[in-house]
Amino acid sequence: MSAGLPFFRYHPDPLASGSIQAASETCACCKRNAGWIYTATFYLGSWPVLRRLRRG
């Protein structure tokens, strides 16, 4: 694991799995450039949360 990434308890090697990749892009959520970008899907445990997000 890279020294620039924190330890992910439930995903110990996100670089090897391709979930995180080095990138110069800005994050669409936080608008920061951390040098990494998340490329995998995410788990959303509750559909009501998703409905609220879609409504804005």
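1. The largest pocket of this predicted model has a volume of about 380 Å³. A pocket here is an open set of points on a 1 Å grid over the protein atoms alone, where a 1.4 Å probe fits and protein lies on both sides within 12 Å along at least five of seven lines; the volume is the space filled by probe spheres set on the points.

2. Of the 14 residues that line the largest pocket, Cys27, Ala28, Cys29, Ile37 and Tyr38 are the closest to its centre, where lining means having an atom within 4 Å of a point. Strand β2 (residues 36–38) gives the most to this lining, with 3 residues, a strand being a DSSP run (E) of at least two residues.

3. Ser19 lies in the loop between α1 and β1 (20–22), and Ser19 counts as buried because its relative accessibility is 8%, buried meaning under 20% relative accessible area with a 1.4 Å probe and protein chains only. Leaving aside neighbours within four places in sequence, Ser19 is in contact with His11, Pro14, Ile37, Tyr38, Thr39 and Ala40, contact meaning heavy atoms within 4.5 Å.

4. As for confidence, the mean pLDDT of the protein is 78, and 71% of its residues reach 70 or more, pLDDT being the predictor's confidence in each residue, from 0 to 100.

5. In this predicted model, local features need pLDDT of at least 70 and side-chain atom pairs count only at pLDDT 80 or more, whereas totals for chains, interfaces and linings use all residues. Residues are numbered from 1 along each chain as its sequence is written, and side-chain values use heavy atoms, with hydrogens and water left out.

Methods:
Helix = DSSP H or I, 4+ residues; strand = E, 2+ residues; numbered from the N terminus. Buried < 20%, exposed > 50% of the residue type's maximum accessible area, 1.4 Å probe, protein only.
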